[in-house]
Amino acid sequence: MNKKAPNLYNHLPSVDQLLKQLTTEIKEYGHEQVVSIIRSELVLVRELIRSGAFESLSPPDLESIVSATQQKLESNNQSSLTPVFNLTGTVLHTNLGRALLPKQAIQSLLVAAASPSNLEFDLNTGQRGERDSHFEELICELTGAEAATAVNNNAAAVLLCLNSLALGKQVPVSRGELVEIGGSFRIPEVMERAGTQMIEIGTTNRTHLKDYKKAITDETAAFMKVHTSNYHIEGFTNEVSTQEITLLAQQHNLPFIYDMGSGSLVDFSQLGLPAEATVAEVIAEGVDIVTFSGDKLLGGPQCGIIAGKREWVEKIRQNPLKRALRIDKLTLAALSEVLKLYRNPEKLMDSLPTLQSLTRSQANINKQAKRLLALIKPVIPKLYDVSIIETTSQIGSGALPVERISSTAFAINSINQSDNEIRSLALALRKLPKPVIGRIQNGKIILDLRCLETDSSVEAEFIEQLSLLQESA
Ligand SMILES: *Cc1c(COP(=O)(O)O)cnc(C)c1O
């Protein structure tokens, strides 16, 4: 084969010959990028020649190398972040980007991205202004807090509060609240990195007021409570109420920090959803500082909100770390718009996509499922069979972990009862141009329709994606 090889190398087109065929691509992607891909294609072909791959075949000609280069350029320039259909049944899915923004917030975010703004500029005085000024009053209005600020996410909010109020000091926290949220956020580790000494009190299932009292020393700087967002213990349990901790903190002149996690601003029970204490209720009880996420139940952009007593918020604002963790202008623009929607709670279910998805009735989802079933049956690959089932969705992001909401789904079965076939269909669904993400349960693919918009163009797009399956599966 080595005898034949040199001839094949001679047949390869030159870089210049290839470049002449790729003028449109050069305009779009730039000379440098095109040359670099041509070179790597040629290296690949030479390696194949060396390995004898073309012994009985003709080596790639000019056209096929041009076409390979075009494909490479296209795939290299596709964005890695791509929209998907979230049919997992988890409305606030952390791995799928949590809350979707309302249109007002998207509009405001685009304006902030495209134009200079008074982000930190006081238009009255012409002097430097405050970033927080764009949303602080709104948060105070909606929660009853005296002051508020916001940072990159709730993890940052917790870190910043502890570091600002208890650096080098002790913070008692119940053993039942030492939770891990989504893998990398663990209360003990965050407390350590914040430079505070965690004082574990009580037991996993029961913590009493006397445990908090006993923990107080000259080194105590704050009390901390953590919403056990993603787990629930039942049976012989006891948790000290926020009122009791508040009272104790006040008696000792110590701040009480409550990491609420999801932090809802409206009474969920009025929307027909499981009840959850609102931020305003907790603030009214006298908690000094609450922290919560912007992109969980609030339905806004990723950020962490810190609200509470002015004295402590000021201290938090002055921490140099605040600058490192600050909220960016796009988030700020979206957050302000989302908060404004809360001024009209009656309309929230229509105006906020998260609440819209969460409060969507099973009857409505069922109607959609029936409408789409007839369209899906003919396009689903022959090895599978699809039917409508009742299922339950969850809120997600650790909000109300044990509560489920009734929903309707498509259940896709393998006719041969093959787990392999189910796995390969799930993969094919994920590989669609607009990936369809469901969940596998009891050997079936479950596509929960709660988060599929009823807009006819969205439904058509969904069916169109499924119809592309035929070719691969
Ligand atoms: C979700 C959550 C966090 C982390 O919030 P992010 O916004 O994801 O950073 C922290 N604490 C609790 C209790 C949570 O539920």
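Student: How many aromatic pairs does the rule give?

Tutor: Rings of Phe, Tyr and Trp (its six-membered ring) pair if their centres lie within 6.5 Å; planes under 30 degrees apart are stacked, over 60 edge-to-face, and the rest tilted. By this rule the count of aromatic pairs is two.

Student: Are the rings of phenylalanine 85 and phenylalanine 462 stacked, tilted or edge-to-face?

Tutor: A pair of aromatic rings is described by the distance of the centres and the angle of the planes. Here the centres are 5.5 Å apart and the planes stand at 65°, so the pair is edge-to-face.

Student: On what basis are such values given?

Tutor: This is a predicted model, in which local features need pLDDT of at least 70, side-chain atom pairs count only at pLDDT 80 or more, and totals for chains, interfaces and linings use all residues. Residues are numbered from 1 along each chain as its sequence is written, and side-chain values use heavy atoms, with hydrogens and water left out.

Student: How many residues apart are phenylalanine 85 and phenylalanine 462?

Tutor: Helices (H or I, at least four residues) and strands (E, at least two) are DSSP runs, numbered from the N terminus. Phenylalanine 85 is in strand 1 (residues 85–86) and phenylalanine 462 in helix 20 (residues 456–467). The pair links distant parts of the chain, and the separation is 377 residues.

Student: Is phenylalanine 462 buried or exposed?

Tutor: Buried means under 20% relative accessible area, exposed over 50%, and partly exposed in between (1.4 Å probe, protein chains only). Phenylalanine 462 has 0% relative accessibility, and therefore counts as buried.

Student: Which are the edge strands of the open sheet of five strands?

Tutor: Two strands pair if DSSP finds at least two bridges between them. The order of the sheet is 2-10-9-8-7, with mixed pairing. Each edge strand pairs on one side only, and these are strand 2 (147–151) and strand 7 (223–226).

Student: Which residue in strand 8 stands opposite phenylalanine 223?

Tutor: Strand 7 and strand 8 (residues 256–261) run parallel and are joined by four bridges. Opposite phenylalanine 223 stands phenylalanine 256.

Student: How many of the 13 residues of helix 8 are buried?

Tutor: The buried residues of helix 8 include Asn154, Val158 and Leu162. Helix 8 is largely enclosed by the rest of the structure, because the number of its 13 residues that are buried is 11.
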